[in-house]
Amino acid sequence: MSIELNELVRYCDTLLQSNSISDYCPNGLQVEGRARVQRILCGVTASQALLDEAVAWQADLVLVHHGYFWKGEDSRIRGIKKRRLATLLRHDISLLAYHLPLDVHPEHGNNVQLAVRLGLEIEGVLEPGNPRSVGLAGRLHTPLSLAEFSTRVAAVLGREPQCIAAGDKPIERIGWCTGAAQGYIEQAAELGLDAYLSGEISEPTVHSAREHGVHYIAAGHHATERYGVQSLGEHLAQHFGLEWRFADLDNPV
């Protein structure tokens with residue numbers, strides 16, 4: 001089966017409420033390809049390697065979390081950007097990208113999907129009062145030491161997280177936000193959480209964790225943001241009777 005590209009895009013835009021979310025990039029259809037879609041290749045980032053996978057699999061559409069045209073970037077079409085766009089246009093493949101809308105969605109969002117995999121019970125958001133808060137807060141069903149929780153994260157995500165200990169207290173209440181969201185550790189501290197997990201770590205994060213008394217777990221930007229696009233891809237495939245695949249291209253960051 002196949003579906004008209006415009007119908008698929010309208011459905012996704014509505015499902016993710018992309019027009020209501022201010023973001024650092026355009027959400028939705030970024031590059032228009034052929035008029036009908038049967039095969040969807042999903043990935044975290046629309047890298048050249050992912051586009052090559054799409055060509056080899058004869059995908060009609062590439063669905064990603066990290067697309068193109070970010071605010072502040074060089075708008076000229078040359079180098080890497082030229083090669084990527086040329087690949088899509090030459091093979092008539094569409095690029096559909098959702099950034100913050102895919103982080104915050106209550107069913108298909110990166111943060112909700114990560115919680116399911118790590119066994120985290122969602123209790124609220126990192127920014128109470130903000131209806132578009134990206135990060136979430138909750139608890140573990142059974143308190144774990146930092147080492148025990150790190151072992152769980154490594155087993156689920158397939159990579160060893162970098163952990164900054166803040167004492168030896170067990171982890172029960174925890175906050176998390178996928179990707180490059182280490183700055184939210186301040187909100188985690190204000191909520192009195194035991195630990196905070198994100199994708200990346202920066203030099204100031206170490207001091208914030210130790211001085212606030214909040215364990216910090218850097219579990220990988222790519223690794224924490226693999227699951228929203230998979231959930232959305234599977235949903236679209238089931239809803240419209242399409243074929244889909246997820247290409248998990250190695251990224252150690």
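The count of disulfides in this predicted model comes to zero. A disulfide here is a pair of cysteine sulfur atoms within 2.5 Å. In general, such a link is a covalent bond between the sulfur atoms of two cysteines.

| Cysteine | Closest cysteine sulfur | Distance | Relative accessibility |
|---|---|---|---|
| C12 | in C42 | 9.7 Å | 0% |
| C25 | in C177 | 15 Å | 10% |

The sulfur of C12 is too far from that of C42 for a bond. The sulfur of C25 is likewise too far from that of C177. C12 counts as buried, and C25 counts as buried too. Buried means under 20% relative accessible area, exposed over 50%, and partly exposed in between, with a 1.4 Å probe and protein chains only.

Residues are numbered from 1 along each chain as its sequence is written. Local features need pLDDT of at least 70 and side-chain atom pairs count only at pLDDT 80 or more, while totals for chains, interfaces and linings use all residues, and side-chain values use heavy atoms, with hydrogens and water left out.

Now the helices. Helices are DSSP runs (H or I, at least four residues), numbered from the N terminus. Axes are lines fitted to C-alpha atoms over the stretch in contact, and angles run from 0 to 180 degrees between N-to-C directions.

Helix α2 spans residues 48–57 and helix α3 spans residues 79–90. They pack at an angle of about 15 degrees, with their axes 10 Å apart. The two are therefore roughly parallel; angles under 35 degrees count as such, over 145 as roughly antiparallel, 65 to 115 as roughly perpendicular and the rest as oblique. From α2, the contact (heavy atoms within 4.5 Å) uses Q48, L51 and V55. From α3 come R83, R84, T87 and L88. By class, three residues of this contact are nonpolar, two polar and two charged. Ala, Val, Leu, Ile, Met, Phe, Trp, Tyr, Cys and Pro count as nonpolar, Asp, Glu, Lys and Arg as charged, and the others, Gly among them, as polar.

Helix α5 (residues 110–118) meets helix α10 (residues 227–240). Their axes come within 7 Å and cross at roughly 100 degrees. That makes α5 roughly perpendicular to α10. N110, Q113, L114 and R117 of α5 touch Y227, G228, V229 and S231 of α10. Three of these residues are nonpolar, four polar and one charged.

Last, S150 sits in helix α6 (residues 146–157). S150 counts as buried, at 11% relative accessibility. Beyond its neighbours within four places in sequence, S150 is in contact with P161 and C163.
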